[in-house]
Amino acid sequence: MQKVKDKSFLKGASILGVGAFISKVLGAIYRIPLTNLLGGFGIGLYQMVFPVYALLLDFSGCAAPSGMSKLIASENDKEQKGREILSVAIRFLSILGLFLALLMAMFSKPLAKLQGNEDAYLAYIFLAPAVFFVALISCYRGYFQGLMNMMPTALSQILEQSVKLVLGIVAIKLLLPSVPKAVAGATFAITVSEVVALIYLRTKFSKTNRGILPLIKTEKKQILKLLIKTTLPITLTGLILPLSQVIDSFLTVNILSGYSASATALFGLFSGVALTVVNLPVSVCHGIATVAIPAVSKEKDLNKQNKSATKSIFLTLAVSLPCAAICFIFAPLIIKILFRSLSGVERQTAINLLRLTSPCIVLLSVLQTMNGVLIGKGKLYAPTFSLSVGVVIKIILEVLLLQNAKINIYGSGIALNACYFFACLINLTMIFKLKVKNAVKSTYRREYAS
């Protein structure tokens, strides 16, 4: 029985890992023509809109897959309860997603102006509808993940990236030489890719489900309360990093502008080049973190929970450590292959940034797996606390380091490493305390029983 569970865990993690890897490879491939066509300034504009976009996505339901998978996995009648939870989630998150999409479009110009470059406002407008579509996508992914069916999530991710890659390049070529319009075209491609992914997930759901029995108002309210109770802390955790990235987009460009004429380009090299490479292996490990939530949640026995948790963390280390070493050692080759259009100075800066942030591959991968383990164990607010401490440390270090012209953009890399290190340390402490506490409880129960 344990071998079957192990296979199920590894199968789910493998499917999501491979799906994430392929989608990120497609994303990295997309970065090559994107960087070549838009240049450092264009990439800077492109990256400026994503912190705000990611923040709104977390508000509109990116926590739904984790929260829904935990709720569904802990149910006995998973399929029926899963359909009920999905029905309520879609109704609630579609309204929220629509509201936030309109908000993003309405405040596009003030946001771009505050970030230091008003040319980014068009990108905000064309990206805004994606907030609504992603909210619905999150609901369907949460449903399938709760049933330990990771294939729809993986295929929808690949579909997103494929559409974005093709349509994005076409849009950029049609709209150049106007860089702001070309960037807006690239963000519109993202919106279209989310529509395609949503159609696929809805079709997949329709083929495998005949629907649900009508829910009465009291049932809807109960499910909604449970859904909010579960997803709220996960949402708060998910909001922390995007919020810190929003702060980065304001801080970095504005502080660097005080002594550098290429502040936007430097921000683009850090967030659009170095972190793009770093996020590729991290996204593979995200599959382990995603599977860890339902895998730990469904176990009622504390020892089995601990075994699943330990297995998740060690599997993450086994994948992330070699990837970090490869990125550090082969940074010049990776940058040369992926970002050929960068000038000599920009290329060397990107190489240095990739080497500096390569430890983040291990730290962030382990952090997201630990977060999954803690959520699975019912400690929903623990990841919020640990990541909050890490982000506060990060922002303080950024403000201090970025003001030093000698440290320059590298201050952001140093601060990011510190953020993930301290968050991991806090999570590890909490997991260890839970393990000790559970061991003491088990010993007491055995002694009491005898």
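**View 1. A salt bridge between E160 and R141.** E160 forms a salt bridge with R141. Their closest N and O atoms are 3.1 Å apart. E160 lies in helix α8 (residues 151-175) and R141 in helix α7, so the pair ties together parts that are 19 residues apart in sequence. Side chains of opposite charge can pair when their charged atoms come close. The structure holds three salt bridges. This view, like the others, shows a predicted model.

**View 2. Helices α7 and α9 pack together.** Two packed helices are described by the angle between their axes and the distance between the axes. Here, helix α7 covers residues 129-146 and helix α9 covers residues 179-208. Their angle is about 30 degrees, and their axes are 9 Å apart. Angles under 35 degrees count as roughly parallel, so α7 and α9 are roughly parallel to each other. The crossing of α7 past α9 is left-handed.

**View 3. The contact between α7 and α9, residue by residue.** Which residues of α7 meet α9? They are P129, A130, F133, V134, L136, I137, Y140, R141, Y143 and F144. On the α9 side, the contact residues include T191, E194, V195, A197 and L198. Further along α9, L201, R202, K204, F205 and T208 also take part. R141 of this contact also has a salt bridge with E160.

**View 4. Helices α8 and α9 cross.** The axes of α8 and α9 come within 7 Å. They cross at roughly 150 degrees. Angles over 145 degrees count as roughly antiparallel, so α8 and α9 are roughly antiparallel to each other. The crossing of α8 past α9 is right-handed.

View 5. A cis peptide bond joins L176 and P177. Its omega is about 20 degrees.

View 6. Six side chains are shown: L98, F99, L102, L103, M106 and F107. Together they make a nonpolar surface patch of about 610 Å². One of them, L102, sits in helix α4 (residues 78-106).

**View 7. N408 and its positive phi.** N408 is not a glycine, yet its phi is positive, at about 60 degrees. Where does N408 lie? N408 is in the loop between α16 (382-402) and α17 (410-449).

Technical notes. Residues numbered from 1 in each chain as written. Predicted model: local features only at pLDDT ≥ 70, side-chain atom pairs only at ≥ 80, totals over all residues. Heavy atoms only, no water. Patch = residues over 30% accessible without salt bridge, like charges linked within 9 Å, V, L, I, M, F, W, Y side chains within 5 Å. Areas by Shrake-Rupley, 256 points an atom, 1.4 Å probe, with all protein chains shown as cover. Salt bridge = Lys/Arg side-chain N within 4 Å of Asp/Glu carboxyl O. Helix = DSSP H or I, 4+ residues; strand = E, 2+ residues; numbered from the N terminus. Axes fitted to C-alpha atoms, helices over the stretch in contact; angles between N-to-C directions. Parallel < 35°, antiparallel > 145°, perpendicular 65-115°, else oblique. Left-handed = near helix turned anticlockwise from the far one by under 90°. Contact = heavy atoms within 4.5 Å.
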